[in-house]
Amino acid sequence: MFIMGVGVFQVQGPHEPLVAMLSGEAELPCSFLPPQNVENMEIRRTRSLPSQVVHLYEDGRDKPEEAMEKYLGRAELVKNAMHKGIVVLRILNVQPSDNGQYCCAFKNGSFYSDAVIELKVAALGSHPQFHVELTESRQMQVVCKSEGWFPQPKVQWMDSEGREIPAESETHTQDKSGLFHVTTSLLLSEASQKNLICSVWNPVLNQKKEEQLSIAIAEPIRTTITRRVGIVLTAFLILLTSIGLYLKIPLKIRYLSFPFCLGTISKSAKFYSEEVTTMRL
């Protein structure tokens with residue numbers, strides 16, 4: 001707080017952080033108190049270091065040549081309330097790199113005062129997508145992926161009752177533009193019906209995107225194969241037993257049991273009966 005003439009003046013900004021959506025616009029206001037015309041003052045908007053100039057207003061005009069290259073064409077000063085001591089820095093096409101603190105400084109001769117404003121950039125990513133595969137240990141691995149978040153999101157697995165399920169793994173990566181991508185996975189082994197929910201949450205916006213997956217886990221493949229082999233072997237043994245019993249039936253009875261086959265031969269039934277008797281002797 002400084003003395004200017006016979007009065008006291010200070011610079012004030014918002015007390016709470018401001019939130020801007022990715023690719024949208026951000027407006028960072030600051031006020032000169034007590035209210036008075038600030039058109040003839042130097043108004044400097046910088047990042048954490050004084051040399052990191054976002055916008056400079058000096059000698060009654062904007063000086064874009066003093067600004068950092070990444071803000072050229074994206075930062076402008078709204079001047080329609082300068083006569084009331086209010087200036088607004090507008091940032092266009094907000095990027096993840098715009099996240100952080102900004103200094104709003106007023107200077108008039110030897111007097112100087114500033115205020116710090118915090119900007120939080122936020123982006124909602126894609127809806128979670130699932131990928132399911134069988135591991136070498138015959139377990140079911142369920143992978144959930146989501147992309148394009150800012151800041152780093154929170155991830156949670158839940159069952160259909162809303163109970164949290166601990167993740168087997170969770171990884172976060174950040175691309176060149178600063179956006180976060182998340183991958184998390186679960187391992188399922190018991191033979192049951194699973195209703196899973198993968199939820200990805202933005203802590204700044206307090207908003208989330210989630211998807212539900214219903215998956216029936218079959219019995220282990222090894223057990224299924226063993227049972228099938230057992231069934232085949234049992235059927236084979238029954239077949240062998242039946243053949244064995246058939247071979248032990250007396251020949252005479254077997255002939256008489258198939259009159260259709262015997263009837264195709266042009267001999268009398270008596271001849272067959274006698275022949276069979278002879279063979280048995």
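**Notebook: cysteines and their links**

I began with the secondary structure and counted 4 helices and 19 strands in the protein. I note that the model is predicted. I then checked burial: of the 281 residues, 32% count as buried. I also looked at contacts with a separation of 6 or more, and 55% of them join residues 24 or more positions apart. The accessible surface came to about 17600 Å², with 55% of that belonging to carbon and sulfur atoms.

Next I turned to the cysteines. How many disulfides does a search of the whole structure find? It finds 2.

I took C30 and C104 to start. Their sulfur atoms are 1.9 Å apart, and the two form a disulfide. C30 sits in strand β4 (residues 26-33) and C104 in strand β10 (residues 100-108), so the pair ties together parts 74 residues apart in sequence. The link is right-handed, with 40 degrees about the S-S bond. Is C30 buried or exposed? C30 is buried, at 1% relative accessibility. C104 is buried too, at 0%.

I moved on to C144 and C198, a disulfide with sulfur atoms 2.0 Å apart. C144 belongs to strand β13 (residues 140-149) and C198 to strand β18 (residues 193-202), 54 residues apart. The torsion about this S-S bond is about -85 degrees, so the disulfide is left-handed. I found C144 buried at 2% relative accessible area, and C198 buried at 0%.

I wrote down the pairing of the bonded cysteines in sequence order: 1-2, 3-4.

Last, I looked up C103. Its closest cysteine sulfur is in C104, 7.1 Å away, which is too far for a bond. C103 counts as buried, at 14% relative accessibility.

Terms used. Residues numbered from 1 in each chain as written. Predicted model: local features only at pLDDT ≥ 70, side-chain atom pairs only at ≥ 80, totals over all residues. Heavy atoms only, no water. Helix = DSSP H or I, 4+ residues; strand = E, 2+ residues; numbered from the N terminus. Buried < 20%, exposed > 50% of the residue type's maximum accessible area, 1.4 Å probe, protein only. Contact = heavy atoms within 4.5 Å. Areas by Shrake-Rupley, 256 points an atom, 1.4 Å probe, with all protein chains shown as cover. Disulfide = S-S within 2.5 Å.
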